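Subject: Structure handover

Hello,

Here is the structure for your files. My notes on it follow below.

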Amino acid sequence: MAESTSKLDFQLYVITGANYHPGRSIVDVVEQALIGGADIVQLRDKTASKQDIRENAHKLRQLTRRYGVPLIINDHIDIALEADADGVHLGQDDLSLAEARQLLGPDRIIGISTHSIEQGLAAQAGGADYIGVGPVYPTGTKPGRAAVTTSYVQEAAAQIRIPFVAIGGITLGNVDTVIAAGANRVCAVSEIVGADDPAAVCRAFKARLNAAANHS
Ligand code: TZP
Ligand code: MG
């Protein structure tokens with residue numbers, strides 16, 4: 001299905017998270033990902049103090065600006081506004097899309113995690129700018145959440161008109177399957193932030209995504 005026009009243009013989405021390569025800082029890892037071609041960055045940290053998240057948001061804002069890449073903050077609308085991030089990412093149990101839009105205004109990006117086509121269509125109807133579709137595969141980064149498999153990717157490709165990004169357990173070993181199911185955009189956490197060479201992993205993801213885009 002043709003996509004509607006959107007303020008978002010990306011293929012590879014990197015989210016910060018657990019499992020950093022030992023000895024690396026969040027800023028180093030994200031800069032490596034940007035050098036490798038990551039198109040959008042999300043600060044997601046479920047364990048740090050709010051003050052640490054706030055400090056990292058400011059650091060990543062400076063870094064992503066230098067690379068001309070959008071920065072999204074998971075969960076914390078106040079931090080997104082304070083750091084002048086481009087938007088927020090919310091789960092099904094977070095603040096509602098309508099409340100978030102009220103706080104953020106029309107121009108900032110709101111992304112919503114979805115785990116079924118019903119949730120995806122509801123987020124689209126509610127004015128989300130993009131949705132996450134996942135976890136496609138089981139993943140330790142989001143424990144306790146059942147995999148939606150590539151079936152939901154296929155349904156999203158057929159029915160969702162805003163950008164959707166496949167997420168969850170995506171690696172260089174399975175990304176071609178996810179792309180073949182209809183994803184033009186993918187997101188990875190551990191495959192990128194846990195890599196010895198995050199830039200090389202991002203370059204490899206981009207090569208796969210570009211190869212698919214050039215064949216469609
Ligand atoms: N939402 C659905 S799966 C997931 C999130 C945040 C985690 C993805 O992490 P990984 O390490 O790429 O499986
Ligand atoms: Mg959340």
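A crossing of two helices is called left-handed if the near helix is turned anticlockwise from the far one by less than a right angle, and right-handed if clockwise. By that rule, the crossing of α1 and α9 is right-handed. Please keep in mind that this is a predicted model. The protein chain has an average pLDDT of 94, and 96% of the residues score at least 70. The scores for the model are ipTM 0.98 and pTM 0.95.

Helix packing. Helix α1 covers residues 26–35 and helix α9 residues 198–215; they pack at an angle of about 35 degrees, and their axes are 7 Å apart. On the α1 side, Val29, Gln32, Ala33 and Ile35 meet Pro198, Ala199 and Cys202 of α9. Sorted by class, this contact has six nonpolar residues, one polar and no charged ones.

Core. The largest nonpolar core holds 64 residues, and Val133, Ala166 and Val186 have the most contacts inside it. Helix α1 gives the most to this core, with five residues. Beyond four places in sequence, Ala166 touches Val133, Gly134, Val136, Val153, Val178, Ala183, Arg185 and Val186.

Leucine 12. This residue is in strand β1, residues 12–15. Leucine 12 counts as buried because 25 other C-beta atoms lie within 10 Å, the cut-off being 20 or more. Leaving out neighbours within four places in sequence, its contacts include Val186, Cys202, Phe205 and Leu209. Leucine 12 and arginine 203 are 191 residues apart in sequence, with 9.7 Å from C-alpha to C-alpha.

Regards

How values were computed: Residues are numbered from 1 along each chain as its sequence is written. Chains are lettered from A and ligands numbered from 1 in the order in which they are written. This is a predicted model: local features need pLDDT of at least 70, side-chain atom pairs count only at pLDDT 80 or more; totals for chains, interfaces and linings use all residues. A nonpolar core is a set of buried Ala, Val, Leu, Ile, Met, Phe, Trp, Tyr and Cys residues joined through C-beta atoms within 7 Å. A residue is buried if 20 or more other C-beta atoms lie within 10 Å of its own, exposed if 12 or fewer, and partly exposed in between; C-beta atoms are placed from the backbone. Helices (H or I, at least four residues) and strands (E, at least two) are DSSP runs, numbered from the N terminus. Two residues are in contact if their C-beta atoms, placed from the backbone, lie within 7 Å. pLDDT is the predictor's confidence in each residue, from 0 to 100. Axes are lines fitted to C-alpha atoms, for helices over the stretch in contact, and angles run from 0 to 180 degrees between N-to-C directions. Ala, Val, Leu, Ile, Met, Phe, Trp, Tyr, Cys and Pro count as nonpolar, Asp, Glu, Lys and Arg as charged, and the others, Gly among them, as polar.
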